[in-house]
Amino acid sequence: MILKTKGIVLHSFKYGDTGIISNIYTESHGKVSFLIQGARKHKAKLKANLFQPLFLLDMEIYYKEKRQLQKIKEARMDYPFETILFDDSKRSIAMFLAEVINKSIQSEDYDQQLFEFIATHIKMLDLKEKGLANFHMYFLIQLTKFLGFYPQNNYNAENPFFDLKNA
């Protein structure tokens with residue numbers, strides 16, 4: 001079945017001589033692994049540089065329910081970055097966040113709110129000029145809402161510590 005969806009590239013690695021495997025968090029199916037054959041060839045239809053961490057893509061995919069590695073029919077940039085690719089600090093934050101998201105989200109269950117949260121914060125990182133020092137900390141704290149262990153705001157003299165069981 002051919003589907004149109006948006007995706008956020010989380011991690012990519014070489015496969016064989018010219019292929020890559022890319023973990024992409026899709027809007028319609030959650031975290032999915034894609035095999036892109038021939039992406040590192042000179043005349044490739046889907047170039048490997050399109051699958052860098054946190055790139056926002058607009059894709060047409062061949063999706064089969066039981067298959068572990070899906071295939072991409074067509075992919076293009078959904079949001080071209082203005083500063084992330086050229087600013088070393090933003091690029092390192094993006095790579096860090098992509099790895100954390102890749103390791104944190106294990107299931108293929110999709111969550112529209114989580115997808116929108118990640119996409120919005122990627123765009124914020126790209127447009128933000130000042131105050132980047134704690135951006136990753138803010139993002140990670142907000143991400144815990146979707147992972148199920150966001151801290152409650154109940155600090156007082158009786159509760160001076162974070163309760164790991166009850167959050």
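The legends below describe several close-up views of one predicted model, beginning with the whole chain and ending with single residues.

**View 1**
Residues are numbered from 1 along each chain as its sequence is written, and side-chain values use heavy atoms, with hydrogens and water left out. The chain holds three helices and five strands, where helices (H or I, at least four residues) and strands (E, at least two) are DSSP runs numbered from the N terminus. Read from the N terminus, the order of these elements is β-β-β-β-β-α-α-α. The C-alpha trace spans about 65 × 40 × 25 Å along its principal axes. Of the 167 residues in the chain, 38% are buried, a word that stands for under 20% relative accessible area, with exposed meaning over 50% and partly exposed lying in between (1.4 Å probe, protein chains only). The accessible surface amounts to about 10500 Å², and carbon and sulfur atoms account for 53% of that surface; such areas come from the Shrake-Rupley method with a 1.4 Å probe, and for residues only the protein chains shown count as cover.

**View 1. The closed barrel of five strands.**
The strands form a closed barrel in the order β1-β2-β3-β5-β4, and their pairing is mixed; two strands are taken to pair if DSSP finds at least two bridges between them. From one strand to the next, the twist averages 55°. Helix α1 packs on the sheet, where α1 touches β1, β2 and β3, and the direction of α1 makes about 105° with that of β1. Helix α2 also packs on the sheet, touching β1, β2 and β4, with its direction at about 65° to that of β1. For these angles, axes are lines fitted to C-alpha atoms, for helices over the stretch in contact, and angles run from 0 to 180 degrees between N-to-C directions.

**View 2. Strand β1 and its two antiparallel partners.**
Strands β1 and β2 run antiparallel and are joined by eight bridges, and within this pair isoleucine 8 has tyrosine 25 of β2 as its bridge partner. The hairpin of β1 and β2 has three residues between the strands, and glycine 16 takes a positive phi near 70° there. Strands β1 and β4 likewise run antiparallel, joined by seven bridges, and leucine 3 stands opposite isoleucine 61 in β4.

**View 3. The largest nonpolar core, around isoleucine 8.**
A nonpolar core is a set of buried Ala, Val, Leu, Ile, Met, Phe, Trp, Tyr and Cys residues joined through side-chain atoms within 4.5 Å. The largest such core has 43 residues, of which Ile8, Phe51, Ile72 and Ile118 touch the most other members. Elements giving two or more residues to this core include β1 (2–15), β5 (69–77) and α3 (135–147), while α2 supplies the largest share, seven residues.

**View 4. Threonine 26 in strand β2.**
Threonine 26 lies in strand β2 and counts as buried because its relative accessible area is 1%. Leaving out residues up to four places away in sequence, threonine 26 touches Thr5, Lys6, Gly7, Val32, Phe34, Met59 and Phe115.

Glutamine 112 belongs to helix α2 and counts as partly exposed because its relative accessibility is 32%. Its side chain makes a polar contact of 3.0 Å with the side chain of glutamate 27, and another of 2.9 Å with the side chain of glutamate 116. A polar contact is a pair of N or O atoms within 3.5 Å; within protein, one must be able to donate a hydrogen and the other to accept it, and residues adjacent in sequence count only if both atoms are side-chain atoms.

**View 5. Glutamate 108 in the loop between α1 and α2.**
Glutamate 108 is found in the loop between α1 and α2, and with 46% relative accessibility glutamate 108 is partly exposed. Apart from neighbours within four places in sequence, glutamate 108 is in contact with His29, Gly30, Lys31 and Tyr63.

Key. This is a predicted model: local features need pLDDT of at least 70, side-chain atom pairs count only at pLDDT 80 or more; totals for chains, interfaces and linings use all residues. Contact means heavy atoms within 4.5 Å.
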